[in-house]
Amino acid sequence: MVTWNVATAEPPEDVISLLQLDVQPPTDLYVIGLQEVNATPVRFISDLLVEDSWSHMFMETLAPRGFVKVTSMRMQGLLLVVFAKQIHLPFIRDIKTTYTRTGIFGYWGNKGGVSVRFSFYGHPVCFLNCHLAAHMNYALQRIDEFEYILEAQDFDITDTPQVLDHKLVFWFGDLNFRIADHGLHFLRSSINGGRLNLLWDKDQLIMMKKKEPFLQEFEEGPLNFKPTYKFDRNSDTYDTSGKKRKPAWTDRILWRIKPKTLPLEDDDEKASTSTDDGPDEYPILVTQDKYTSEMSYGVSDHKPVIATFTMELRKCFDTPLVHVSPVGVWSADQDALLNYTVQEDFMSSTWDWIGLYKVGFKSATNYETFVWVRENELPEINEVIQISVDKDEIPLLSGQYVLGYYSTNMQSIVGLSANFQILESKRAVMEGLVPDNINGFKK
């Protein structure tokens, strides 16, 4: 997970260390929350949709490593993007996004929260990226804004209509909490001397957690990294401008596992059912492995904060809703066939489609071509349905591809084939896309 207030800057030249790609053991999910992203959209020829330059940079970096963008949510300067290893895509279901504007003194829209929720192997998870009110004196307003966001967000899902209904919640962003009482000299000498623990007691979020019961349900790792605000740009030096802002841990990542609901003592029936309640059979265990800042980036006056987590869970299911596979040899010299089978009842639709993706694709819409599912009737469970793909839609050159069944109602890929090879077509040679003479040998 990453949170970073990028202060309207364009992305740096690379995000390798930001995403811990040089040191990490293999990651399964990336969740990236940015604040103050430049609000002007940028169109890239290579992408079907208008993406901001940050999303583009993350996709270009992660797609070749086998990560696919699951979804994203944008509200002006707030951006939340989720990536997953290709293998997990069929088990990320019921994706919903929403946003809430907040603002003090009538400046609505510049602050607030954006969130993404989905079921991960059957476990409801929610990610909430917030940008709360600034300035030292507004600690209470920050809590009020957070409570307002929690109350206002509605996902239109029966079991988990609101953020705190989810089994696992991550709350992160530029939460803007400051270090109270201490003077600038004491702050700087404590930071420079590596005595960060002297500042923890006066961190406003830590102080607020002692007073607010609902905040006590959120866990946070120790603040063993330097405050991430406010720096002179392109440096590791705290603010030398006339304002000389005090350093603060404004940028944070917290998490909450939903507390078990205690049975009512006088309701015997309730008590007996809550013990064998379904979710308890499928507990979820979260361990934070790293909580730090990445000081090497200087494009913003904030430093990015990074957290890595290990999530241990029992999968509620491990069979995709749809099985999809290519039939026989695929090349652009002839029409191709694919089979699909619905393996479990779900809200399938005649608006569902099956995309042909090049391995290393960026998102569900980044297909080479697609075909609609059978349109005259919905499938029976375990019925094998065959669809033809026009040869003119098949890539001419050879390469590794994968088929993905996209559910319109669930807004996600619910079945993926194994990777398979498309063969180079005779048309590719005829159209001059490949040399017919390689090293003097006729092809």
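The legends below describe close-up views of a predicted model.

Local features are given where pLDDT is at least 70, and side-chain atom pairs count only at pLDDT 80 or more, whereas totals for chains, interfaces and linings use all residues. Residues are numbered from 1 along each chain as its sequence is written, and side-chain values use heavy atoms, with hydrogens and water left out.

**View A. Salt bridge between Glu-60 and Lys-362.** A salt bridge is a side-chain nitrogen of Lys or Arg within 4 Å of a carboxyl oxygen of Asp or Glu. The count by this rule is ten. In the pair of Glu-60 and Lys-362, the closest N and O atoms are 2.7 Å apart. Glu-60 is partly exposed at 35% relative accessible area, while Lys-362 is buried at 15% (buried means under 20%, exposed over 50%, partly exposed in between, with a 1.4 Å probe and protein chains only).

**View B. Salt bridge between Arg-256 and Glu-217.** The N to O distance in this salt bridge is 2.8 Å. Arg-256 is in strand S9 (residues 251–257) and Glu-217 in the loop between helix H6 (213–216) and S9, 39 residues apart. Arg-256 is buried, with 5% relative accessible area; Glu-217 is partly exposed, with 32%.

**View C. Surroundings of Lys-303.** Asp-236 and Lys-303 form a salt bridge at 3.5 Å, N to O. Asp-236 lies in the loop between H6 and S9, and Lys-303 in the loop between strands S10 (284–293) and S11 (305–313), so the pair ties together parts that are 67 residues apart in sequence. Lys-303 is buried at 1% relative accessibility, and Asp-236 is partly exposed at 49%. The charged end of Lys-303 also sits over the ring of Phe-231, 5.0 Å from its centre (NZ of Lys or CZ of Arg within 6 Å of the ring centre and within 35 degrees of the ring normal).

**View D. Open sheet of S12, S14 and S17.** The three strands run in the order S12-S14-S17 with antiparallel pairing (two strands pair if DSSP finds at least two bridges between them). S12 (322–327) and S17 (384–389) are the edge strands, each pairing on one side only. Six bridges join S14 (residues 336–342) to S17. Asn-339 has Gln-386 in S17 as its bridge partner.

**View E. Two aromatic pairs.** Rings of Phe, Tyr and Trp (its six-membered ring) pair if their centres lie within 6.5 Å; planes under 30 degrees apart count as stacked, over 60 as edge-to-face and the rest as tilted. This rule gives 27 aromatic pairs. Trp-4 and Trp-54 have ring centres 5.4 Å apart and planes at 80°, so the pair is edge-to-face. Trp-4 is in strand S1 (residues 2–5) and Trp-54 in helix H1, 50 residues apart. Both Trp-4 and Trp-54 are buried. Phe-91 and Tyr-121 are stacked, at 4.8 Å centre to centre and 15° between the planes. Phe-91 is buried at 9% relative accessibility, and Tyr-121 is buried at 5%.

**View F. Aromatic cluster.** One cluster is formed by Trp-351, Trp-353, Tyr-367, Phe-370, Trp-372 and Tyr-406.

Notes. Helices (H or I, at least four residues) and strands (E, at least two) are DSSP runs, numbered from the N terminus.
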